Amino acid sequence: MSEEASHNGDKKPVSRRKARKQAFECLYGLIFESAADERSLRRVFARCPHDVAEGEDGSGQDFAWELVSGVWTNQRELDAHIVRFSKNWKLSRIAKVELTILRLAVYEILYRSDIPLRVALNEAIELAKRYGDENSRNFINGILDAIAKAVDNGEFEIHKDL
């Protein structure tokens with residue numbers, strides 16, 4: 001199964017990029033309407049816009065849910081890594097769009113062994129192009145590049161190629 005699409009019989013493949021977009025939009029919404037527990041998180045997720053068209057397989061929804069749930073569950077740790085690698089920027093100073101993209105990408109880097117480092121970085125940059133401003137890409141790229149180098153240097157107990 002390729003990173004960009006998954007297949008399920010005769011159904012159309014679902015792009016992981018679409019699922020990331022959906023996960024980003026849901027996670028961004030959680031900044032304004034937080035979820036107290038997994039049940040309320042599922043309700044928020046169900047109300048998020050879905051790009052998956054009729055006839056496409058359910059893998060896109062599954063992947064989007066895994067990202068949303070993973071970021072939500074590990075947010076405190078993700079935020080600590082973001083602060084550390086952003087040269088001690090306070091979270092409150094990071095724009096909400098950039099913070100959401102960073103959380104999503106750092107989750108993919110640290111918790112998803114099936115997603116190569118370069119893919120996580122490239123997909124974050126694509127989200128920044130779509131949702132951020134002219135400074136978003138460089139800011140996000142700088143932090144994620146530092147985290148990717150730390151992973152490559154063995155600072156984390158995960159093994160991914162840069």
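Modeller: One definition to start with: angles under 35 degrees count as roughly parallel, over 145 as roughly antiparallel, 65 to 115 as roughly perpendicular, and the rest as oblique. Keep in mind that this is a predicted model.

Colleague: Fine. At what angle do α2 and α3 cross, and how far apart are the axes?

Modeller: Helix α2 (residues 38–47) and helix α3 (residues 59–73) cross at roughly 135 degrees, and their axes come within 11 Å. That is why α2 and α3 are oblique to each other.

Colleague: Left-handed or right-handed?

Modeller: The crossing of α2 and α3 is right-handed.

Colleague: Which residues meet there?

Modeller: From α2, E38, L41, R42 and F45; they meet Q61, A64, W65, V68, S69 and W72 of α3. By class, this contact has six nonpolar, two polar and two charged residues.

Colleague: Now α4 and α7. How are they set relative to each other?

Modeller: Helix α4 (residues 75–85) and helix α7 (residues 136–152) cross at roughly 100 degrees, with axes that come within 9 Å. α4 and α7 are therefore roughly perpendicular to each other.

Colleague: And what makes that contact?

Modeller: H81, I82 and F85 on the α4 side, with I143, A146, I147 and A150 on the α7 side. Six of the residues in the contact of α4 with α7 are nonpolar, one is polar and none is charged.

Colleague: What about α1 and α5, what angle do they pack at?

Modeller: About 125 degrees for helix α1 (residues 16–30) against α5, with the axes 10 Å apart. So α1 and α5 are oblique to each other. α1 passes α5 in a right-handed crossing.

Colleague: Change of topic. How many cavities of 30 Å³ or more are there in the whole structure?

Modeller: One, from a search of the whole structure. The largest cavity holds about 40 Å³ of space.

Colleague: What lines it?

Modeller: The lining of the largest cavity is R20, I101, L104, A105, E108, A120, E123, A124 and L127. The elements giving two or more residues to that lining are α5 (96–111) and α6 (117–131). R20, I101, L104 and E108 belong to the lining and also to the contact of α1 with α5.

Colleague: And the lining by class?

Modeller: Six nonpolar, no polar and three charged residues.

Conventions:
Residues numbered from 1 in each chain as written. Predicted model: local features only at pLDDT ≥ 70, side-chain atom pairs only at ≥ 80, totals over all residues. Heavy atoms only, no water. 1 Å grid on protein atoms, 1.4 Å probe; cavity = no way out; pocket = protein on both sides within 12 Å on 5 of 7 lines; lining within 4 Å. Points joined across faces, edges and corners; volume = space filled by probe spheres on them. Helix = DSSP H or I, 4+ residues; strand = E, 2+ residues; numbered from the N terminus. Nonpolar A, V, L, I, M, F, W, Y, C, P; charged D, E, K, R; others polar. Axes fitted to C-alpha atoms, helices over the stretch in contact; angles between N-to-C directions. Left-handed = near helix turned anticlockwise from the far one by under 90°. Contact = heavy atoms within 4.5 Å.
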